[in-house]
Amino acid sequence: SSADKDGKVRFIGVGPTEKTPAWLKLVATGTPGHGSVPRPNSAVNRLIDALEKLRQYENTAPIELTPPIERSFRSLADYEPEPWRSRFRDMRAFLKSPNARPELMKRPAVYALLHNTISITGLEGTKKVNIIPPIATALLDCRLLPGWTIDRWVTEVKRLIGDDSIQVEVVLNFPPAEAPVNTPLYAAIVDATKELYPNAGVAQTVSAGFTDSHFFREKGIVSYGFGAFALNEEDGGRAHGNDERIPVKAFTDGVRLTWEVVYRFSRAE
């Protein structure tokens with residue numbers, strides 16, 4: 001969901017699907033020894049070589065416009081300034097332009113919805129500075145586009161690494177799922193939004209992260225990622241940061257919106 005710099009709500013986001021996590025652990029092995037005698041094929045060096053290849057992936061990753069994300073861009077187009085408004089309305093045409101990737105990389109949150117992502121989030125070798133360890137590990141936070149399976153992604157990661165000696169272990173993953181939008185719950189969200197924010201809209205969004213919605217979707221229960229709290233760009237960018245917070249008004253308004261949605265849905269037929 002989005003608000004302008006003064007806190008006025010622009011749109012409320014409802015996510016019928018989202019990217020799925022593919023959290024991986026890389027395990028590299030090598031001959032251990034004393035740090036005074038370098039070993040080119042040590043576990044740490046092998047891991048560093050693999051991670052550098054994965055780090056470069058962000059610059060060359062295949063761009064893929066999946067149907068739910070294409071619908072999301074069209075849904076968000078009216079809330080974008082030009083030239084992004086036209087780009088969102090016809091993202092397929094924009095992606096054919098030679099400057100598409102450089103432009104997208106100026107907006108990481110948009111770019112992340114068009115390719116599988118890899119973030120290197122953890123490294124471990126040994127805490128002894130003078131020891132070359134036999135094992136070195138790394139954690140990868142990968143997020144997959146709708147339609148990608150974990151088996152397909154692990155195969156791709158192994159191809160990118162190009163080193164069969166490095167093991168790729170799956171830490172967390174669940175299959176992709178999408179909820180329909182022609183439901184009483186979606187209608188309740190639209191009605192509540194119109195009631196509280198007459199000048200705002202409802203947009204179908206796709207989160208680059210993930211929510212608990214997948215637990216319900218996997219059982220056939222309609223579930224959405226629901227952005228009750230409308231934040232401006234600065235406040236939205238604080239997520240997981242050192243000064244994470246939201247404005248008090250955004251919180252109280254979001255609680256009211258949630259109440260209105262639940263009330264309307266409870267009366268739906």
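Predicted model: local features only at pLDDT ≥ 70, side-chain atom pairs only at ≥ 80, totals over all residues.
Reader: What percentage of the residues is buried?
Author: Buried residues make up 42% of the 269 residues. Buried means under 20% relative accessible area, exposed means over 50%, and partly exposed is in between, using a 1.4 Å probe and protein chains only.

Reader: What about contacts between residues at least 6 apart in sequence?
Author: Of those, 75% join residues at least 24 apart. Contact here means heavy atoms within 4.5 Å.

Reader: Let's talk cores. Which residues touch the most other members of the largest nonpolar core?
Author: L24, L26, L54, F73 and W153 do, in a core of 45 residues. The largest share of this core, six residues, comes from α8. A nonpolar core is a set of buried Ala, Val, Leu, Ile, Met, Phe, Trp, Tyr and Cys residues joined through side-chain atoms within 4.5 Å.

Reader: What other core lies apart from it?
Author: Another core, of 16 residues, lies apart from that one, and its members include A3, V14, L185 and A230.

Reader: Why would nonpolar side chains be buried together?
Author: As a general matter, nonpolar side chains tend to be buried together in soluble globular proteins.

Reader: Back to L26. What is it in contact with?
Author: Leaving aside neighbours within four places in sequence, L26 contacts L47, L51, L54, A136, T137, A138, L140, I161, I166, Q167 and V168.

Reader: Helix packing next. How do α1 and α8 cross?
Author: The axes of α1 (residues 43-55) and α8 (residues 150-161) come within 8 Å and cross at roughly 115°. The two helices are therefore roughly perpendicular to each other. Axes are lines fitted to C-alpha atoms, for helices over the stretch in contact, and angles run from 0 to 180 degrees between N-to-C directions. Angles under 35 degrees count as roughly parallel, over 145 as roughly antiparallel, 65 to 115 as roughly perpendicular and the rest as oblique.

Reader: Which residues make that contact?
Author: From α1 it's A50, K53 and L54, and from α8 it's V157, L160 and I161. By class, the contact of α1 with α8 has five nonpolar, no polar and one charged residues. Here Ala, Val, Leu, Ile, Met, Phe, Trp, Tyr, Cys and Pro count as nonpolar, Asp, Glu, Lys and Arg as charged, and the others, Gly among them, as polar.

Reader: Is K53 buried, partly exposed or exposed?
Author: K53 is partly exposed, at a relative accessible area of 43%. Not counting residues up to four places away in sequence, K53 touches L160 and I161. The C-alpha atoms of K53 and I161 are separated by 6.2 Å, although the two are 108 residues apart along the chain.

Reader: How about α9 and α12, at what angle do they cross?
Author: The axes of α9 (residues 184-196) and α12 (residues 248-266) come within 8 Å and cross at roughly 130°. That makes α9 oblique to α12. By class, this contact has nine nonpolar, one polar and five charged residues.

Reader: Where is S266, and is it buried or exposed?
Author: S266 lies in helix α12, and at 54% relative accessibility it counts as exposed. S266 and T121 are 42 Å apart in space, C-alpha to C-alpha.

Reader: Last one: which peptide bond is cis?
Author: The one from E82 to P83, with omega near 5°. P83 lies in the loop between α3 (67-76) and α4 (84-89).

Notes. Residues numbered from 1 in each chain as written. Heavy atoms only, no water. Helix = DSSP H or I, 4+ residues; strand = E, 2+ residues; numbered from the N terminus.
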